[in-house]
Amino acid sequence: MKTGGQLIVEALKANGVKQISCVPGESYLAVLDALYDSGIDVMVCRQEGGAAMMADCWGRLTGQPGICMVTRGPGATNASAGLHIAHQDAIPMILFIGQVQRPAREREAFQEVEYRRAFTEFAKWVGEIDDASRIPEFVTRAFAVATSGRPGPVVLTLPEDMLDDLVEAPEAQPYMPVEAHPGPQQIAALAEALAQAKRPMVILGGTRWSDAAVAEITRFAERFQLPVGCSFRRQMLFDHLHPSYAGDVGIGINPALAEEIKKSDLLILIGARMSEMPSSRYTLIDVPYPAQKLVHVYPDPDELGRVYCADLPICAAPDAFCAALAALEPAAAPVWAERTARMHDSYLAWSTPPKTGPGDVQMGPIMEWIEANTAPDAIFTNGAGNYATWVHRYHRFRQFNTQAAPTSGSMGYGLPAAVAAKKLFPEREVICFAGDGCFMMHGQEFITAVRYGLPLITVLVNNGIYGTIRMHQERDYPGRVSGTDLVNPDFVAFAEAYGGHGELVARTEDFGPAFERARASGKPAIIEVRLDPEAITPARTLSQIRSGT
């Protein structure tokens, strides 16, 4: 006989869970008690949104569901930001929510929410466990749903009184992953398409990748001398200095790359949905009938044909599909080799940062310093804002699992993700890029990094505005500034008050020494970079956008 709380923890352990993020609540005290001597590492966070984003990052970097626990009502709705990120990014995650007692349901009890109605748009499955004896069944199913097909978040709600019930239940068993494999006829059809192509292009994206899959797609690109791009915020799927790399297919795409994609006669999408941002608002690939011959590889049949009608749809995860590519060899020397080389040269030029810009701090030389002084396995995280352009365009990712950023464009993600990444990989350097507006969305999680001794480094680009929104505002309503100015704290004092290390960069040449001091401190650090608001993009100033020049 075991309590519901004990059964939840046993089911997590059976499925290999080593750590969870949470904000505590009285609605699931029985689970917290069972976690006390479980051996599972519990990371206590300061806001449920941050806790959910940490779970998303664990799912993003491991491929296994990140686990988050929050209380009912406001706790759960705070966590919905992380749920939305995991949903749009196809990240496996399980959110456990304490729920009102069963006899009080449907009375609008204290903090009551009907989560099936509230979260169905954000989750693959929303379930409520009424019977404690069924906990092993529900939890194992949650792991299977979160990881199968197109991965995503699952929500399980836990009535408070159910967690105290003493019941008999079967011993929890681990879930079994489901893998779809390409058929031999599909691989043969792909080989035939390549043999007929003159201007092929490969685009990688999505989740369910591994080191092995990345290595196999690299060998495939080498054999066929194919140009390879990575979709929005999935740049770490291909080595940027490999001669086949053509650039990132996302916001602010290299115009030369965009033109090459449009002119391709064979487009091979592997793991990528090619939604609004990577498709440049659905202009790179015609909807629903692409001008290019389209091979679309995706692990969920419901996605294939939903937006793009592919000539060759293949239901397979990247791991299984890339393994099947090992059998393919070019029948003759590829006729597009020169085009691939030209596209890589174009990427190198596009990803070389500018030397100058408005104000006393130029981000271009700062990015060059970072490139020269960080290891290839350093993990970069960020949220959303114009500042992120400096990472996405000018950082050259070299290895798999070195990027955690939301394709949904959610602000506030970078810091919680950096906390999670540093907890997962303490031996690797973790660098969070954040804007001043972005950082303050979940800046309180800096104390979580301090509490658990996680010496991440945050490069906080402070221009005193909501930069992306101001840019669009000046474009559409020039000179009519409304709602986009910010008043910020002293971020150096902020870092020190939390027990971390703080640095201020007011001139470009200050950055390198500040970074080295932050690194040497052994503490979580914030490097505040004071950027002139005129430096709104690498190519244009705010004044130029305002005047339309």
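Select the lining of the largest cavity: by class it holds 5 nonpolar, 4 polar and no charged residues (Ala, Val, Leu, Ile, Met, Phe, Trp, Tyr, Cys and Pro count as nonpolar, Asp, Glu, Lys and Arg as charged, the others, Gly among them, as polar). The model is predicted, with local features needing pLDDT of at least 70 and side-chain atom pairs pLDDT 80 or more, while totals for chains, interfaces and linings use all residues. Residues are numbered from 1 along each chain as its sequence is written, and side-chain values use heavy atoms, without hydrogens and water.

Two or more of the lining residues come from each of α15 (414–424), β17 (430–435) and α16 (436–439). The volume of this cavity is about 30 Å³. On a 1 Å grid over the protein atoms alone, a cavity is a set of points where a 1.4 Å probe fits but cannot get out, and a pocket is an open set with protein on both sides within 12 Å along at least five of seven lines; lining residues have an atom within 4 Å of a point.

Next, select Thr62, Gly63, Thr207, Arg208 and Trp209, the closest to the centre of the second largest pocket among its 30 lining residues. This pocket holds about 530 Å³ of space. Helix α3 (residues 48–62) gives the largest share of its lining, 4 residues.

Last, show helices α10 (residues 255–263) and α12 (residues 337–350), whose axes come within 9 Å and cross at roughly 150°. α10 is therefore roughly antiparallel to α12 (angles over 145 degrees, between N-to-C directions, count as such). On α10, pick Pro255, Ala256, Leu257 and Glu260; on α12, Arg339, Arg342, Met343, Ser346 and Trp350 make the contact (heavy atoms within 4.5 Å).

Note on methods: Axes fitted to C-alpha atoms, helices over the stretch in contact; angles between N-to-C directions. Parallel < 35°, antiparallel > 145°, perpendicular 65-115°, else oblique. Points joined across faces, edges and corners; volume = space filled by probe spheres on them.
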